Amino acid sequence: MKLVDFEIEHYRNILAQERQIEISTRMDEESLQYTKSHGECYTLIDGDEIVGCGGVVEIWKDRGMAWTLISENIGKRFVGLHRVVTRFLDTSKFKRVEMYVDYDFIEAHRWATMLGFTLEAEQMLAFLPNGKSASLYARIR
């Protein structure tokens, strides 16, 4: 697997996991361009397949918002993805990184904890673009 700079076409060409399809389709070109130009964003590729895209978008100095879009075919490669994301977070320029997790997405809650995030708000009602609730996690260095 190799880590490369994020390109908008990576986001458009990934076979996203089912739980992320609805939210991922809400990102228009302007939003993706903003994401790319206002933070640290990367793509993980295995052979010809995009395994995941993600990064941290700056909210203000030393504070950012983490995001990921993960392939439906992540399978056993999740361990490698996890290591890359952990290393990225450990070396990020941001002191505080926030992650918003779909309230009903149990696996995402588990991963947030594995990455060293702490739950700060259990349920923020109607927070996501699709009207669903989300939880707020933060990771402080």
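This is a predicted model: local features need pLDDT of at least 70, side-chain atom pairs count only at pLDDT 80 or more; totals for chains, interfaces and linings use all residues.
Student: What makes β1 and β2 count as paired strands?

Tutor: The cut-off is at least two bridges found by DSSP. β1 (residues 2-5) and β2 (residues 39-46) have 4 bridges in the antiparallel sense, so they pass.

Student: And what about β2 and β3, in which sense do they pair?

Tutor: Antiparallel, over 8 bridges. One spot to look at is Cys41, which stands opposite Gly55 in β3. The two strands form a hairpin with 2 residues between them, and Gly47 in the turn has a positive phi of about 65°.

Student: Over to charges. What makes Arg26 and Glu22 a salt bridge?

Tutor: Check the distance: their closest N and O atoms are 3.7 Å apart. The rule asks for a Lys or Arg side-chain nitrogen within 4 Å of an Asp or Glu carboxyl oxygen, so the pair qualifies. By this rule the count comes to 12 salt bridges.

Student: Is Arg26 buried, exposed or in between, and how do you know?

Tutor: Its relative accessible area is 43%. Buried needs under 20% and exposed needs over 50%, so Arg26 lands in between, as partly exposed. Glu22, at 40%, is partly exposed too.

Student: What links Glu49 and Arg77?

Tutor: A salt bridge between their side chains, at 3.1 Å from N to O. The pair joins distant parts of the chain, 28 residues apart: Glu49 is in strand β3 (49-60), while Arg77 is in the loop between β4 (63-70) and α4 (78-91). Glu49 has a relative accessible area of 26%, so call it partly exposed. Arg77, at 18%, is under the 20% cut-off and therefore buried.

Student: Why are Glu98 and Arg63 said to tie parts together?

Tutor: Their side chains meet in a salt bridge at 2.6 Å, N to O. Glu98 sits in strand β5 (residues 96-102) and Arg63 in strand β4, so the bridge spans parts 35 residues apart in sequence. Glu98 has 3% relative accessible area and Arg63 has 17%; both values are under 20%, so both residues are buried. Through shared partners, salt bridges join Arg63, Arg96, Glu98 and Glu120 into one network.

Student: How do you know whether Ser135 is buried or exposed?

Tutor: The relative accessible area is 1%, so Ser135 is buried by the under-20% rule. Ser135 lies in strand β7 (residues 134-140). Leaving out residues up to four places away in sequence, Ser135 touches several others, among them Met99, Tyr100, His109 and Leu119.

Student: What makes Ser135 and Glu122 a polar contact?

Tutor: A polar atom of the Ser135 side chain lies 2.4 Å from the backbone oxygen of Glu122. The limit is 3.5 Å, so that distance is inside it.

Student: Last one: why are the buried residues of α5 said to be on the same side?

Tutor: In α5 (residues 106-114) the buried ones are Ala108, His109, Trp111 and Ala112. They cover an arc of only 165° around the axis, so they share a side of α5. As for the background, an α-helix has 3.6 residues a turn, so residues three or four places apart point the same way. The face turned away from that buried side carries the exposed Ile106 and Thr113. The cover over the buried residues includes β4, α4, β5 and β7. Just after α5, Gly116 takes a positive phi of about 95°.

Definitions and conventions: Residues are numbered from 1 along each chain as its sequence is written. Side-chain values use heavy atoms; hydrogens and water are left out. Buried means under 20% relative accessible area, exposed over 50%, partly exposed in between (1.4 Å probe, protein chains only). A polar contact is a pair of N or O atoms within 3.5 Å; within protein, one must be able to donate a hydrogen and the other to accept it, and residues adjacent in sequence count only if both atoms are side-chain atoms. Contact means heavy atoms within 4.5 Å. The arc is that of the directions from the helix axis to the C-beta atoms.
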